[in-house]
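Here are my notes for your read-through. Keep the model open and check each point as you go.

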Amino acid sequence: MTASRRAPVAGHDVVSPLRLAIGADRAGQEYMDALAEHLRKQRLVASVLDVGVHLRSEGAYPQIAEEAARRVAEATVDRALLICHTGLGMAVAANKVPGVRAVTAHDSLSVRASVLSNNAQVLTFGAGIIGLALAKQLAEEWLAHRFDPTASAARKVQMIRDLECTGRVISPPVP
């Protein structure tokens with residue numbers, strides 16, 4: 001695994017740069033390489049950790065998704081970006097790691113909602129679904145969104161956590 005570091009950006013209204021993990025299976029390798037290079041140049045990125053296919057003998061997407069999701073769950077990275085042919089398998093696998101919420105998104109609204117409404121820390125793309133230019137645009141948009149723990153969505157995210165931990169949705173009191 002390789003990481004690169006960028007200096008945080010100073011200023012009073014600036015969102016903190018994120019530590020990212022990025023990974024792909026063989027179907028997403030070309031996108032992963034291009035997106036990793038692109039992300040390393042973004043001011044909202046502190047570091048990019050490569051957990052991709054070329055680091056494994058088999059390189060099956062469940063292995064890559066698990067590695068990235070565990071890094072998120074352990075807080076060694078803030079978020080992860082995963083790429084496979086459709087993005088779906090990576091999301092399914094990453095969601096098996098406790099505490100991780102992964103989504104596949106191929107448009108701006110879904111990218112925005114993934115963070116603001118669902119506090120998803122893992123975003124997956126399908127290299128066979130969207131073009132590389134759109135993937136770069138959506139990745140940039142994703143970096144700028146931050147979940148607000150005081151928003152009404154926080155209650156629903158807590159319900160998701162309860163479902164994960166207990167197997168049941170426990171409705172918290174409405175404030």
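**Notes on the fold**

1. Start inside the sheet. Leu81 stands opposite Leu123 in E6. Keep in mind that this is a predicted model. Another facing pair is Ile83 with Phe125 of E6. E4 and E6 are joined by 5 bridges, and the two strands run parallel.

2. Now look at the other partner of E4 in these notes. Strand E2 covers residues 18–24 and is joined to E4 by 5 bridges. These two strands also run parallel. Here Ala21 stands opposite Ala80 in E4.

3. How many residues of E4 are buried? The count is 6 of 6, so the strand is mostly covered, with buried meaning under 20% relative accessible area. Side chains in a regular strand alternate between the two faces of the sheet. In E4, Arg79, Leu81 and Ile83 point one way. Ala80, Leu82 and Cys84 point the other way. Residues on both sides are buried.

4. As for ring-to-ring pairs, the count of aromatic pairs comes to 0.

5. Val122, Thr124 and Gly126 point one way. Leu123 and Phe125 point the other way. Residues on both sides are buried here too.

6. E6 also pairs with E5. Strand E5 spans residues 102–104 and runs parallel to E6, with 3 bridges between them. Thr104 stands opposite Thr124 in E6.

7. Which residue other than glycine has a positive phi near 50°? That residue is Asn119. It lies in the loop between helix H4 (108–116) and strand E6 (122–126). Is Asn119 buried or exposed? Its relative accessible area is 19%, and the limit for buried is under 20%, so Asn119 counts as buried.

8. Ala75 is a second case. It is not a glycine, yet its phi is positive, at about 65°. Ala75 sits in the loop between helix H2 (61–73) and strand E4 (79–84). Its relative accessibility is 45%, which lies between the 20% and 50% limits, so Ala75 counts as partly exposed.

9. Check the cysteines. How many disulfides does a search of the whole structure find? The search finds 0. Cys84 has 4% relative accessibility and therefore counts as buried. Cys165 is at 65%, over the 50% limit, so Cys165 counts as exposed.

10. Step back to the whole protein. It has 6 helices and 6 strands. Along the sequence, the pattern is β-β-α-β-α-β-α-β-α-β-α-α. Of its 175 residues, 45% count as buried.

11. Finally, look at contacts and surface. Take the contacts between residues at least 6 apart in sequence: 70% of them join residues at least 24 apart. The protein exposes about 8800 Å². Carbon and sulfur atoms supply 54% of that area.

Terms used:
Residues are numbered from 1 along each chain as its sequence is written. This is a predicted model: local features need pLDDT of at least 70, side-chain atom pairs count only at pLDDT 80 or more; totals for chains, interfaces and linings use all residues. Side-chain values use heavy atoms; hydrogens and water are left out. Helices (H or I, at least four residues) and strands (E, at least two) are DSSP runs, numbered from the N terminus. Buried means under 20% relative accessible area, exposed over 50%, partly exposed in between (1.4 Å probe, protein chains only). Contact means heavy atoms within 4.5 Å. Accessible areas come from the Shrake-Rupley method with a 1.4 Å probe; for residues, only the protein chains shown count as cover. Two strands pair if DSSP finds at least two bridges between them. A disulfide is a pair of cysteine sulfur atoms within 2.5 Å. Rings of Phe, Tyr and Trp (its six-membered ring) pair if their centres lie within 6.5 Å; planes under 30 degrees apart count as stacked, over 60 as edge-to-face and the rest as tilted.
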